[in-house]
Amino acid sequence: MAQATVNRPQEEDTKSFRLLSGHTIPAVGFGTWRSGAEATNSVFTAIVEAGYRHVDTAPEYGIEEEVGHALQASMRAGVERKDLFVTSKPWCSDLSPDRVRTALKNSLEMLQLDYLDLYLIHWPFHLKQGASKPPKPGDVLEFDMEGVWREMEKLVKDNLVKDIGICNFTINKLQKLLRFAQTMPSVCQAYSPLGSSEGGRDMIHDQTVEIVAKKLNKSPGQVLVKWGLQRGTSVIPKSSHPERIKENIKVFGWQIPEQDFIALSTILEQKRVLDGADLFVSKSCGPFKSVADLWDDED
């Protein structure tokens, strides 16, 4: 959970947000990271049974083909492509100008789609093909941010992608991008709106979250998703359990009271769950020798 600016809760439900391009993004999406063998069933359940219309995936998750099967099955079940919002992200080994379009076409082939609604730079770092985790000497390459962004802009002009954006950018990196971008990023995506039980912060079992959930007769997951919506951001929860998938989108028609919203916004000991250390930090050979280097010392 990111540190929040405490805002007064919204009085009305927001089921979508308008992007800079004029397109809209559903307020609640379905995440597919670590879905594994359950990806096809989970995505189908999310779309057809639970009513999600935004599906977020990436080639690095290793399940784009399975997501594609679910998308096609959902459309055969009566959901129209124009009503779906599909997001993917080129992996770091494809972050060179000559590989961006190929990466997109590979994703489109796996997903069995003609276009994406949103294409995001997954991490603002360029890795050598087959890079180790953590990286070995020479695995982390120079990132031509402007060259990559120019290629992503071309994808929009060619109607292969409706919107482009970023993930895991610091303010410093975002400001650099904005200095040369002709098409502004529509989205800056964060992650883990429910926290993480694997070495991070498990927000589902946070005491404050549990107290608010009990008071409102909602699940902790619903409270966390609703908190994100009330602070003005779209939210992409992930689950492989059918009942939780359906539960996590039942966040409309009710509000978190202001005092409870403030309590959630000021939970202590907040931390970045996924800091990129295993992917990019090499203390011996760099170029990033610490997590602080990755995040431009902005924490």
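At what angle do the axes of helix α2 and helix α3 cross? The legends below take this pair first, in a predicted model.

**Close-up 1. Helix α2 (residues 64-76) crosses helix α3 (residues 100-111) at roughly 50°.** The two axes come within 7 Å. From α2, the contact takes in Glu64, Glu65, Val67, Gly68, Leu71 and Gln72. They meet Ser107, Met110 and Leu111 of α3. By class, the contact of α2 with α3 has 4 nonpolar, 3 polar and 2 charged residues.

**Close-up 2. Helix α4 (residues 145-157) meets helix α5 (residues 171-180) at roughly 60°.** Their axes come within 10 Å. At this angle α4 is oblique to α5. The crossing of α4 past α5 is right-handed. On the α4 side, the contact residues are Met145, Glu146, Trp149 and Arg150. On the α5 side, they are Lys173, Lys176, Leu177 and Phe180. This contact divides into 4 nonpolar and 4 charged residues, with no polar ones.

**Close-up 3. Trp254 sits in the loop between α8 (242-248) and α9 (258-265).** Is Trp254 buried or exposed? Trp254 counts as buried, because its relative accessibility is 12% and the cut-off is under 20%. Its side chain reaches the backbone oxygen of Lys250 at 3.2 Å. Leu216 lies 38 residues from Trp254 in sequence. In space, the two are 9.3 Å apart, C-alpha to C-alpha.

Notes:
Residues numbered from 1 in each chain as written. Predicted model: local features only at pLDDT ≥ 70, side-chain atom pairs only at ≥ 80, totals over all residues. Heavy atoms only, no water. Axes fitted to C-alpha atoms, helices over the stretch in contact; angles between N-to-C directions. Helix = DSSP H or I, 4+ residues; strand = E, 2+ residues; numbered from the N terminus. Parallel < 35°, antiparallel > 145°, perpendicular 65-115°, else oblique. Left-handed = near helix turned anticlockwise from the far one by under 90°. Contact = heavy atoms within 4.5 Å. Nonpolar A, V, L, I, M, F, W, Y, C, P; charged D, E, K, R; others polar. Buried < 20%, exposed > 50% of the residue type's maximum accessible area, 1.4 Å probe, protein only. Polar contact = N/O pair within 3.5 Å; in protein donor to acceptor, adjacent residues only side chain to side chain.
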